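Please view the sequence and the model together while reading.

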Amino acid sequence: MPGEFKIIERLRKAAGRPSGALVLGIGDDCAAFRPAPGFETLATSDMLVEGVHFRLSQGLSAVGYKSMAANISDILACGGKPLYALVAVGLREKGSMRAALSLYAGLRKCADKFGVKIVGGDTVRSEKLVISITALGEVASGKAVTRGGARPGDYILVTGELGNGAAALKKNSAWLPPLRPELSAALCGRGLVSSMIDISDGLSSELYHLCAESKTGALIYEELVPLSKAALKLSGGNRRKALSAAFSGGEDYELLLSVPAEFLGTALKLGSKYSKFTVLGRMLPAGKGVKVFSGGKAKALPRGGYDAFL
Ligand SMILES: [Mg+2]
């Protein structure tokens with residue numbers, strides 16, 4: 001295993017010189033950046049542990065990409081613009097330099113794609129590979145979209161297709177989420193979104209989070225859920241099996257959001273420019289519970305384990 005300096009040196013070269021709002025980049029004790037006037041800084045962090053969140057056999061480049069994407073996804077879910085990332089990695093003593101570089105290549109590929117600069121971090125030796133990323137972004141002051149802003153009557157929408165994350169896991173690979181920066185910026189910039197969350201743990205639990213924070217209930221329609229081709233293929237075209245991948249599979253990193261009824265037309269028109277964008281149902285008063293319309297009637301939505309429900 002090469003020394004920490006060698007890895008930092010390689011990262012530093014790859015990161016280039018600090019420019020614009022970034023005053024101090026990688027390699028010093030701290031990074032420094034100037035927040036834009038009228039904006040707030042968003043911060044989020046996510047930790048992935050070998051054997052718990054990923055397997056080495058999924059490919060380190062893909063694991064790196066997914067780790068960075070999970071963090072960027074959280075910034076987008078608040079309506080923010082992702083800017084910087086700090087990457088802390090515990091590298092296995094027995095691991096090769098090639099494996100470490102492959103991991104960093106994946107991290108950088110994702111960061112570059114979404115305009116995120118890696119501005120610092122740490123590397124240590126570890127028994128298992130551990131990746132902890134802190135992402136920073138910005139949002140216009142007071143405009144961060146939270147999980148708690150939905151009101152009864154708001155429409156519930158989802159970007160893209162669901163079940164890709166679960167399908168990839170079953171094939172022992174990692175889903176590289178497309179992420180939706182343009183859609184998030186277009187809708188949130190116009191104040192069309194009342195609440196939003198990214199789907200890291202499956203549609204069911206994310207909808208419960210929105211309802212809990214917004215103090216609402218919800219009704220979504222099972223037949224409207226957009227299923228990915230990968231999920232349908234893996235379940236041999238069995239829609240009900242594919243639904244369980246969407247509801248409880250997770251790691252899709254699509255956006256689940258609510259839009260007040262008066263903005264629905266505008267939101268659909270704008271959002272559809274950037275992604276498949278599907279209405280799933282509506283928010284209800286809290287007393288109505290969180291429900292899914294399935295097999296001709298509205299039933300309580302299982303929090304996880306949709307399999308058992310089918
Ligand atoms: Mg999230």
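When two helices cross, the crossing is left-handed if the near helix is turned anticlockwise from the far one by less than a right angle, and right-handed if clockwise. The model described here is predicted. In it, helix α2 passes helix α3 in a right-handed crossing. The points below describe this helix pair and then a sheet.

**The helix pair**

- Helix α2 covers residues 60-77 and helix α3 covers residues 97-113; their axes come within 7 Å and cross at roughly 40 degrees.
- Sorted by class, the contact of α2 with α3 comprises 13 nonpolar, 5 polar and 1 charged residues.

**The sheet**

- An open sheet is formed by 4 strands in the order β3-β6-β4-β5, and their pairing is mixed.
- The edge strands, each of which pairs on one side only, are β3 (39-49) and β5 (117-126).
- On average, neighbouring strands of this sheet are turned by 15 degrees against each other, with direction ignored.

**Strands β3 and β6**

- Strand β6 spans residues 130-140 and pairs with β3 in the antiparallel sense over 11 bridges.
- Within this region, Met 47 has Ser 132 in β6 as its bridge partner.

Terms used
Residues are numbered from 1 along each chain as its sequence is written. This is a predicted model: local features need pLDDT of at least 70, side-chain atom pairs count only at pLDDT 80 or more; totals for chains, interfaces and linings use all residues. Two strands pair if DSSP finds at least two bridges between them. Helices (H or I, at least four residues) and strands (E, at least two) are DSSP runs, numbered from the N terminus. Axes are lines fitted to C-alpha atoms, for helices over the stretch in contact, and angles run from 0 to 180 degrees between N-to-C directions. Ala, Val, Leu, Ile, Met, Phe, Trp, Tyr, Cys and Pro count as nonpolar, Asp, Glu, Lys and Arg as charged, and the others, Gly among them, as polar.
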